[in-house]
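This report goes through a protein model element by element. Please keep the sequence and the structure in view while reading.

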Amino acid sequence: GLVQAVVSTQSTGTMEETFKNFSKFGDTKSTGKELDNKKFSKLCKDTGVMGKLVTSTDVDICFSKHKPKGGRTISFKEFEAILDELCVKRFPKKETLDDKKEAIRTLVAGKGPKTAGTTKASRAGATDRLTDTTKYTGSHKERFGKDGKGKGLEGREDVIEDDGYVVGYTNKDTYDKTH
């Protein structure tokens with residue numbers, strides 16, 4: 001009993017750190033004293049509590065069971081109670097309840113929210129395909145040169161030649177040669 005008490009007090013400092021890290025994640029006004037269901041779910045996902053053995057449904061049910069009636073958030077005390085309940089599902093092979101509690105605390109302690117992969121640069125594949133001027137057809141094709149550079153006004157408008165001939169006349173400049 002005494003050894004267990006010493007071990008759990010050592011890990012509660014970092015457990016509180018984890019609790020606070022997730023509590024304040026994405027919320028500048030948070031005091032770090034409570035967690036809502038969304039942040040608790042993220043904590044379980046990011047620390048590895050949630051997985052094959054513990055589903056998001058299990059986490060939600062436990063959260064609802066331990067939160068105060070009419071409340072939306074849990075305190076650190078309720079957070080530990082939920083972890084004590086989830087550790088049984090998460091570590092079925094551990095012998096004693098104390099071993100299970102210790103294992104889940106080791107898993108959670110001192111962690112912070114993961115932000116990797118939340119804002120990746122968009123895939124360039126679609127953009128590359130849509131801006132490849134060699135694949136343009138019809139009137140759009142005429143607006144770009146062989147090198148893919150735009151032709152400007154020349155490619156956009158029919159340039160009218162003011163030489164006295166009708167548009168499309170094929171025998172242009174041949175009068176002097178025939179007479």
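Where is Pro92 found? Pro92 lies in the loop between H4 and helix H5 (97-108).

## Basis of the report

This is a predicted model, in which local features need pLDDT of at least 70 and side-chain atom pairs count only at pLDDT 80 or more, while totals for chains, interfaces and linings use all residues. Residues are numbered from 1 along each chain as its sequence is written, and side-chain values use heavy atoms, with hydrogens and water left out.

## Overall make-up

The protein has 9 helices and 2 strands. Helices (H or I, at least four residues) and strands (E, at least two) are DSSP runs, numbered from the N terminus. Read from the N terminus on, the order of elements is α-β-α-α-β-α-α-α-α-α-α.

The protein has 179 residues, and 23% of them count as buried. Buried means under 20% relative accessible area, exposed means over 50%, and partly exposed lies in between (1.4 Å probe, protein chains only). Among contacts between residues at least 6 apart in sequence, 50% join residues at least 24 apart. Contact here means heavy atoms within 4.5 Å.

## Pro92 and its surroundings

Pro92 has a relative accessible area of 46%, so it is partly exposed. Leaving aside neighbours within four places in sequence, Pro92 is in contact with Leu53 and Lys100. Leu53 is 39 residues from Pro92 in sequence, yet the C-alpha to C-alpha distance is 8.9 Å.

## Helix H4 against H2

The axes of helix H2 (residues 37-47) and helix H4 (residues 76-90) come within 13 Å and cross at roughly 45 degrees. Axes are lines fitted to C-alpha atoms, for helices over the stretch in contact, and angles run from 0 to 180 degrees between N-to-C directions. H2 and H4 are therefore oblique to each other. Angles under 35 degrees count as roughly parallel, over 145 as roughly antiparallel, 65 to 115 as roughly perpendicular, and the rest as oblique.

The crossing of H2 and H4 is right-handed. A crossing is left-handed if the near helix is turned anticlockwise from the far one by less than a right angle, and right-handed if clockwise. On the H2 side the contact involves Phe40, Leu43 and Cys44, and on the H4 side Phe79, Ile82 and Leu86. By class, this contact of H2 with H4 has 6 nonpolar, no polar and no charged residues. Ala, Val, Leu, Ile, Met, Phe, Trp, Tyr, Cys and Pro count as nonpolar, Asp, Glu, Lys and Arg as charged, and the others, Gly among them, as polar.

Helix H3 (residues 56-66) packs with H4 at an angle of about 140 degrees, and their axes are 10 Å apart. H3 and H4 are therefore oblique to each other. In this contact, H3 contributes Asp58, Val59, Cys62, Phe63, Lys65 and His66, and H4 contributes Glu78, Ala81, Ile82, Glu85, Leu86 and Lys89. The classes in the contact of H3 with H4 are 6 nonpolar, 1 polar and 5 charged residues.

The axes of H4 and H5 come within 8 Å and cross at roughly 110 degrees. That makes H4 roughly perpendicular to H5. Among the residues making the contact are Leu83, Cys87 and Arg90 of H4, and Leu97, Lys100 and Ile104 of H5. The contact of H4 with H5 divides into 9 nonpolar, no polar and 6 charged residues.

## Cysteines

How many disulfides does the structure hold? The structure holds 0 disulfides, a disulfide being a pair of cysteine sulfur atoms within 2.5 Å. For Cys44, the nearest cysteine sulfur is that of Cys62, 8.9 Å away. The closest cysteine sulfur to that of Cys87 is also in Cys62, at 9.9 Å, which is too far for a bond.

Cys44 is buried, with a relative accessible area of 0%. Cys87 also counts as buried, at 0% relative accessibility.

## Two further residues

Ser41 is found in helix H2. Its relative accessible area is 12%, so Ser41 is buried. Not counting residues up to four places away in sequence, Ser41 touches Met50, Val59 and Asp60.

Tyr165 sits in the loop between helix H8 (153-156) and helix H9 (175-178). Tyr165 counts as partly exposed, at 32% relative accessibility. Not counting residues up to four places away in sequence, Tyr165 touches Lys172 and Asp173.
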